[in-house]
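Here is a structure to read term by term. Each question asks what stands behind a word.

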Amino acid sequence: MTERSVTHATIVVERTYDASPARVFAAWADPAVKIRWFAGPDDWESGDYELDFRVGGRERISGGPPGGPVHIYDAIYREIVPDQRIILTYDMYLDETRISVSLATVELKPVAASTRLTYTEQGAYLDGHDVPDLREQGMGTLLDALGAQLRDAPRKA
């Protein structure tokens with residue numbers, strides 16, 4: 001029998017964007033926008049993407065480096081307060097192996113003409129396949145990509 005382990009950790013990543021909370025929220029809610037910043041590195045192969053952005057809705061994305069392994073993100077939205085808060089749970093897989101289970105909260109707060117985003121994740125990282133430091137680094141990279149998307153996209157809200 002393989003020895004099992006779990007590492008529990010909370011990570012917090014913050015960013016401030018020169019955009020309204022409505023614009024930042026929309027970048028999470030609109031599948032055509034989210035896929036532009038929530039994907040893996042440019043050199044990764046991408047799989048299917050689905051986003052049903054509603055309470056009880058699912059988000060799923062897969063991809064990975066050429067030759068594998070395939071990284072799979074499988075989330076369910078638990079609470080959505082427009083322009084203020086998103087709460088979701090998600091599992092991460094490498095191919096068929098579940099590597100973590102997480103509860104994530106995205107909070108959006110207006111700060112003058114900007115938005116302060118606070119991402120908090122409480123994770124259970126399984127059997128040494130994933131570690132909190134890598135997850136924090138990965139989420140920081142994604143939130144930086146969100147910032148680039150907000151800078152490059154036309155302002156609507």
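Q: What makes E3 and E4 a pair, and in which sense do they run?
A: Two strands pair if DSSP finds at least two bridges between them. E3 and E4 have 6 bridges, so they count as paired, in the antiparallel sense. Glu59 stands opposite Ala75 in E4.

Q: What kind of model is this, and how are its residues numbered?
A: The model is predicted: local features need pLDDT of at least 70, side-chain atom pairs count only at pLDDT 80 or more, and totals for chains, interfaces and linings use all residues. Residues are numbered from 1 along each chain as its sequence is written, and side-chain values use heavy atoms, with hydrogens and water left out.

Q: What makes E3 largely enclosed?
A: Buried means under 20% relative accessible area; exposed means over 50%, and partly exposed lies in between (1.4 Å probe, protein chains only). In E3, 5 of the 7 residues are buried, so the rest of the structure largely encloses this strand.

Q: How do you know whether Gly64 is buried or exposed?
A: Gly64 has a relative accessible area of 4%. That value is under 20%, so Gly64 is buried. Gly64 belongs to strand E3.

Q: Which residues does Gly64 touch?
A: Contact means heavy atoms within 4.5 Å. Leaving out residues up to four places away in sequence, Gly64 touches Trp44, Glu45, Pro69 and His71. Gly64 and Ser46 are 18 residues apart in sequence, and their C-alpha atoms are 6.6 Å apart in space.

Q: How many bridges join E2 to E3?
A: 5 bridges join them, and the two strands run antiparallel. Tyr49 has Ile61 in E3 as its bridge partner. The hairpin of E2 and E3 has 6 residues between the strands, and Gly56 there takes a positive phi near 90 degrees.

Q: Which residue has a positive phi in the turn between E3 and E4?
A: Gly67 does, at about 90 degrees. This hairpin has 6 residues between its strands.

Q: In what order do the strands form the open sheet?
A: The 7 strands follow the order E1-E7-E6-E5-E4-E3-E2, with antiparallel pairing. E1 and E2 stand at the edges, each with a single partner strand, so one side of each has no neighbour in the sheet.

Q: How is the direction of H3 set against E1?
A: Axes are lines fitted to C-alpha atoms, for helices over the stretch in contact, and angles run from 0 to 180 degrees between N-to-C directions. H3 lies across E1, E5, E6 and E7, and runs at about 20 degrees to E1. H1 runs at about 160 degrees to E6.

Q: How do you know that the span of H3 is close to the expected one?
A: The expected span is 1.5 Å times one less than the number of residues. H3 has 21 residues and reaches 30 Å from first C-alpha to last, close to the 30 Å expected. Its buried residues include Arg135, Met139 and Leu142.

Q: What makes a space a pocket or a cavity?
A: On a 1 Å grid over the protein atoms alone, a cavity is a set of points where a 1.4 Å probe fits but cannot get out. A pocket is an open set with protein on both sides within 12 Å along at least five of seven lines, and lining residues have an atom within 4 Å of a point. Grid points are joined across faces, edges and corners, and a volume is the space filled by probe spheres set on the points.

Q: Which element gives the largest share of the lining of the largest pocket?
A: H3 does, with 8 residues. The pocket holds about 910 Å³ of space and is lined by 33 residues.

Technical notes. Helices (H or I, at least four residues) and strands (E, at least two) are DSSP runs, numbered from the N terminus.
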